[in-house]
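Q: I would like a close look at one part of this model, namely its charged side-chain pairs. Please go through them in one connected answer.

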Amino acid sequence: MCVSASVCIVIKWLCVGWCGSCLMVLEMFALGCSYVDAEPSLKNLSADFGKIPEKQDDLLQSLGAPHVESFNYVLREGLDKAVKDILPIEFELQNGDRIRIKFESAKLCSPVVPPGSYGVKSPYIFPTECRQRGITYKGHLITKLSFKINDVQLALVEKDLGQIPIMVKSDACHLSKLNPSQLIAKGEHAEEWGGYFIIGGHERLIRMLQMTRRNYPFAVTRSSWKQRGSLFSDLGIMIRCVKDDQTSTNNVLHFVRDGSAKLMFSYKRNLYYTPIMLILKCLLDVCDEYIMHQLMAGYEEDTYMKGCLMNMMQALHEEGIHTHHEAKSYIGKTFKARFYDVASWTTDEEICDFVIRHSLAIHLDNNEDKFNLYILMMQKLFSVVQNKCCVEGGDGLMMHELLLGGHLYLQLIKDKMQVWLQVLKSIILKKAKPTAGFTLTNSELNWALKKSGTIESSLNAFFATGNLHTSSGLGLLQDKGLTVLAENINRMRYMSHFRSVHRGAFFQEMRTSEPRQLLPEAWGFICPVHTPDGAPCGLLNHLTKYCEVTSTPDPQIVANIPSVLVSLGMVPLKGVRLITLNHNEQFVVLLDGKVLGHVEKREAPRLVDRLHILKTDGKRVPQTLEIVLVPMGRKCGQFPGLFLFTGPARMMRPVINLAAQKVELIGTFEQVYMDICIYPKEAYEGITTHQEVTDTSFLSNLACLIPLPDCNQSPRNMYQCQMGKQTMGTPCHTWHLQAETKLYRLQTPASPFFRTGHYDLVGLDEFAMGTNAVVAVISYTGYDMEDAMIINKASYERGFAHGSVYKSEFIELKSQKSHFGLDPERPELQAYLDSDGLPHPGILLKEGQPYCCYYDDDEAKFQIEKWKGKEDTYIDIVRLCGTLSSQEATKACIVFRIPRNPSVGDKFASRAGQKGICSYLWPEQDLPYTETGLIPDIVFNPHGFPSRMTIAMMIEVMAGKSAALHGLVHDATPFRFSEEDTAMDYFGKMLEAGGYNYYGTEKMYSGIDGCEMKADIFFGIVHYQRLRHMVSDKWQVRSTGPIDVLTHQPVKGRRRGGGVRFGEMERDSLLSHGSAFLLQDRLFHCSDKTTMMLCQTCGSILTPVIIVQRHGDQYQQEVHCKVCQEKGKVEEVEMPYIFRYLVAQLASVNIKIKIDVIEQ
């Protein structure tokens, strides 16, 4: 199979000529690698098209893999580790009993029907049922708690904390082990990849957020740090510590301008600053000489650093802190009142141990390891302060990893369980307070457990809104927008959700552009094309097609890494005391934030090369090991050392290890210090170590679907990534099972003649989107100016770009006694509704016609729901939703199908980012035609090419024409052509072979008079996309209506009955047409017209006042100017209210506006 595929590639490239990318593809076949851009073909014409595959596609499954793997980690081990780390609740009752409550275990169950349910064929609940019924796909969280009274252990108590959401395709989901045929039988797609949650019937996804790389101390400058205290500088060493259960916290070693250093740690969102020397003394019971020796190892010649350290040590002794125990007692006494989670009878030293365990380098369990880490951070801090190494910054991708949905989900569960324990404690204390001699018995305990409630509602609220409410903040910079709706507008849109990574809403409000910059180190990990324009530009990015997100490695292999390093030449820390080392010629070795030892400078490159070979094998070290050797000797470079990372949620991508001739995964930090070539001819012997797997591996899945993006202007490729996600297509196959709020469907999609190999790899023919259109590039009428385009009316009548919009509506009854049914007093309803009060599927519904009738028991009358839309619709599906509980009210789901055929004003676009608006449905007989009688479907203005520079669309016109002529599909993968062998030449020769003009032009004849046109017309086939932006959804009419309270001008928003935005350009347009009175009507009479008093003497509208005086039984109003008094001449004038608002605002800053009025 591989041989025949490679032969096909050779044949194709014999026509075009050999290039580097072709050699690369053949080399990849020789390696047996799966990272190959395939050749597109007409699979939809083959006999195998449409057959259910035996197994799922690996590339498509990789879309949901990071999300599913992170959730499976929660199920396998994460939840157990989190439960062990939850703090027990300890308190004392009035009778002196000491109570200790702790979670012992927790288990997340699969979704099943409640026990005792009647008429159930299977106890399992599947995702499609939840979508159709509009409910949440959830399972029970069963926990066990231990209770101790005066250190006497009671029996374990089981507590159900409610039903919480389950990720689709995870191990807790019933779809996890099913093959494609079984998935289809359960109402899913054959390539269902999961990774999302079903909340209230909607698919919601936890966003992947870019976070600081875990367990690595990096140098940062932040101006805001100067506000943290007196003499604080903007320099510091920051480390984001992450434990095995994904709990994270930040430690920052601040440089203070008096030469000292303070360590920042946090607890419950409160920040604390402590001298680093005090922390070092608390960690180990050693003498001052040992601490100084460790700090100065390798820096013996640094007198500035030595002087600062001596001053910090002296400051401790001046405070009376001389020993290890005195330091721990000082810390405990200082923080005892602030750490309220600790029992009141805890000693000061135990408080200090609590602080060290839960706030300082929490990823390390050993105090000695924490001591060694802070020694390294101190050495790095003083190197940065003295400009011996550079500031790394937190915006580079090499300092980033991802926060995955499963990991955030685990932290949220842990936080809610901790809060639940606090609630249980408060319930018990509240019960005990008014009762003298209260004793916690089993009955009292069970009563408290019933009153404590569950965590179900808080988790459901998080998924439904994306808003996070926690006591600790979970180490995040934002608490909103953490979940998004996985919109299924089309396949492109749906796929992109699972590969998108967000920098964070916090950075969107920043005025600096640094977080948005695309730095060179992002090559191969973040797509440079696939990012939206506007506010989220550069913040919402997408992973490249081959970028992988690491999962939790095998702990046994990770534990074996230190012994492997020792065998390769590393000197462990315990051996340093026995061997005299020259630290100036030694690299420090750091594994996941733990200092392991040192390796000689001359031995380090050999050790790293050997590690790379072992990594490709994956037996002695993990295949996801990231090996970073930061070299010495660079002037103001990064802090040197050998840094190894094995943790989850890191971005890695495949490259070819030239020495091993195998595919190796490399990380973002690792890549910076590697020499990687793209083509074999670019490799330098002895320098280049790796090669790209393909020349398109730096693009995302969507960017790889753009035909020949290397021939387009860069912004056009960005536009296509966005417009491709807004295209009407085939979002799903399960139309009879869907209950989405809104879906778009293209009735007659087609497979493009000109497409990339990636199109076939992701199987887009199964979810087709777009139409092949015959395009004539000609200025034929005035209706094709700018972005306008003309559509052949006959093509429209044949079904060109016809589509539908599906809308689902749930009708939920208010009580159990309510029911669906016909109102006996309204016999006319039988023409629209069945006897059950629900409509007949397939009937046409017009505005004001009923589609549902039910009896409302609360109001004791029948209620009728009527169609309120302006468009005619069809009833597509009617389903009555069952319930699993007798207390649930009945509800029905009705799916409406609204035909949406193209109309004037609808938006279309080619795949080159050439968007256009349908300006006219032109009669076929009036359009130009070719010598063979072909009439174009679309007339495109040629002026759209020079300004947009979309050369790929010009190539597509020729390629589509030749493909239709020869009955094949052309490869539009980028970098397949060169300046010597151009695409124009290749497709031009193919057109010549078919009897057409080499340049793709044809003689055409006018449809008006039948005369031959003098110019040759560029004529061919282009794959056009119909976008979801339609006039029917956006038309807006308003005379008068709601106005803004402040400005008195119309509010915005179609739903609110607001006005259309009318700017300067629109004003100029009306003026150019001489529509002055229309302009006055729109912007004045129907906007904020108001009557005001104006003093003609002083020209002010603020000084006239109205005084009401009483003359006998009558009241009279007198108007006069407060400034001019009787001299003032006050008149009524009409003017916009916003002008009065402007005058008032200017007056508040002592600016007077004088208005001159001329009477007419």
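With which residue does Lys-388 form a salt bridge, and how far apart are the closest N and O atoms?

A: In this predicted model, Lys-388 forms a salt bridge with Asp-302, and the closest N and O atoms lie 3.1 Å apart. The pair links distant parts of the chain, 86 residues apart: Lys-388 sits in the loop between α11 (367-385) and β14 (400-403), while Asp-302 sits in the loop between α7 (288-296) and α8 (303-318). Lys-388 is partly exposed, with a relative accessible area of 45%, whereas Asp-302 is buried at 6%.

The salt bridge of Lys-814 with Asp-856 has its closest N and O atoms 3.7 Å apart. Lys-814 is exposed, with a relative accessible area of 58%, and Asp-856 is buried, with a relative accessibility of 1%.

In the salt bridge of Asp-760 with Arg-755, the closest N and O atoms are 3.3 Å apart. Asp-760 is buried, with a relative accessible area of 14%; Arg-755 is buried as well, at 1%. Both values fall under the 20% cut-off, so both residues count as buried.

Some of these contacts extend beyond pairs: Asp-85, Lys-243, Asp-245 and Lys-414 are linked in a network of salt bridges. The count for the model comes to 53 salt bridges.

Technical notes
Residues numbered from 1 in each chain as written. Predicted model: local features only at pLDDT ≥ 70, side-chain atom pairs only at ≥ 80, totals over all residues. Heavy atoms only, no water. Salt bridge = Lys/Arg side-chain N within 4 Å of Asp/Glu carboxyl O. Helix = DSSP H or I, 4+ residues; strand = E, 2+ residues; numbered from the N terminus. Buried < 20%, exposed > 50% of the residue type's maximum accessible area, 1.4 Å probe, protein only.
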